[in-house]
Amino acid sequence: MNYLIAGTGGVGGSIAAFLALAGKDVTCVARGAHLQAMQARGLRLKSDLKGEHTLRVPVCTAEEYRGKADVIFVCVKGYSISSITDLIRRAAHERTVVIPILNVYGTGPRIQRLTPGVTVLDGCIYIVGFVSAPGEITQMGKIFRLVYGAHRGTAVSRETLEAVQNDLQESGIKAEISPDINRDTFIKWSFISAMAVTGAYYDVPMGEVQKPGEIRDTFVGLSRESAELGRRLGVEYPQDPVTYNLKVIDNLDPESTASMQKDLARGHESEIQGLLFDLIEMAEAHGVAIPTYRKVAEKFKQPNH
């Protein structure tokens with residue numbers, strides 16, 4: 001199968017590099033200085049799992065891509081979804097599967113509404129990966145886990161799902177086909193929301209969340225509130241969600257920060273709408289008390305909130 005990676009940042013770049021290292025057919029979509037550096041020098045990977053490599057991977061802008069892809073990984077930020085729907089429509093053939101790997105909940109159904117006739121799955125990823133320089137991706141730590149699956153009502157063959165899983169596993173990515181992708185994407189959203197919001201509110205790396213005290217208590221409060229929202233939405237947790245969130249945070253590199261936190265610190269556009277305000281609005285709609293979310297939101301008030 002051939003793969004198209006739409007958005008070659010920390011997540012998409014790591015997926016692309018691991019697939020390319022295993023000899024898979026990968027094309028990347030990027031833009032700006034990152035695109036130019038990849039075209040000139042290749043995609044450079046600095047990885048705790050794979051070491052350092054420079055990979056000659058085909059790369060172009062979304063507008064320049066003219067091929068058809070069997071699998072499209074959508075790895076752009078939540079605020080950029082509408083910018084790549086034309087690419088998905090053009091790049092898809094009748095058996096193409098689209099796998100969004102975003103931090104924001106509800107992305108798969110949203111892309112499905114924007115691209116009727118294309119088979120859109122959903123997914124989430126556990127990785128610390130970021131663009132460390134133009135054309136360069138750094139992957140930290142030993143965790144690289146990708147979970148994907150079809151929402152109820154989405155028809156896709158088990159054979160296709162397993163073919164993707166085999167390619168990912170051969171590339172060194174821990175790939176899991178989810179029996180309940182709505183649950184798994186909600187659990188990921190709730191974790192990333194608590195992690196990114198806590199880190200940004202206190203302006204600290206994850207090592208500070210790993211220590212007992214006010215910062216960790218805030219993370220726990222956010223996790224409790226999003227867990228209750230999940231219960232109202234019918235999410236069935238395989239284990240206590242707060243304990244799970246703490247386990248994940250405690251396994252992260254102490255120096256790591258969420259991409260939303262990095263973007264806010266640099267004054268860039270960020271996913272704060274999808275990771276903070278969307279959750280607050282959903283909680284309000286379902287009558288869930290969210291005192292911790294309300295407290296932290298005061299720091300990030302936007303003109304329309």
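F191 is buried, with a relative accessible area of 2%, where buried means under 20% relative accessible area, calculated with a 1.4 Å probe on protein chains only. This is a predicted model, in which local features need pLDDT of at least 70 and side-chain atom pairs count only at pLDDT 80 or more, whereas totals for chains, interfaces and linings use all residues. Residues are numbered from 1 along each chain as its sequence is written, and side-chain values use heavy atoms, with hydrogens and water left out.

F219 is likewise buried, its relative accessible area being 0%.

## Aromatic pairs

Rings of Phe, Tyr and Trp (its six-membered ring) are taken to pair if their centres lie within 6.5 Å, and planes over 60 degrees apart count as edge-to-face; by this rule there are 7 aromatic pairs. One of them joins F186 and W189 edge-to-face, at 5.6 Å centre to centre and with 75° between the planes. Both residues belong to helix α6 (residues 181-202), 3 residues apart, or about one turn of the helix, helices being DSSP runs of H or I with at least four residues, numbered from the N terminus. F186 and W189 are both buried.

F191 and F219 also pair edge-to-face, with 6.2 Å between centres and 80° between planes.

## Lysines over rings

A charge sits over a ring if NZ of Lys or CZ of Arg is within 6 Å of the ring centre and within 35 degrees of the ring normal. K188 lies over the face of Y126, at 5.1 Å from the ring centre, and K262 over that of F130, at 4.9 Å from the ring centre.

Terms used
Rings of Phe, Tyr and Trp (its six-membered ring) pair if their centres lie within 6.5 Å; planes under 30 degrees apart count as stacked, over 60 as edge-to-face and the rest as tilted. Helices (H or I, at least four residues) and strands (E, at least two) are DSSP runs, numbered from the N terminus. Buried means under 20% relative accessible area, exposed over 50%, partly exposed in between (1.4 Å probe, protein chains only).
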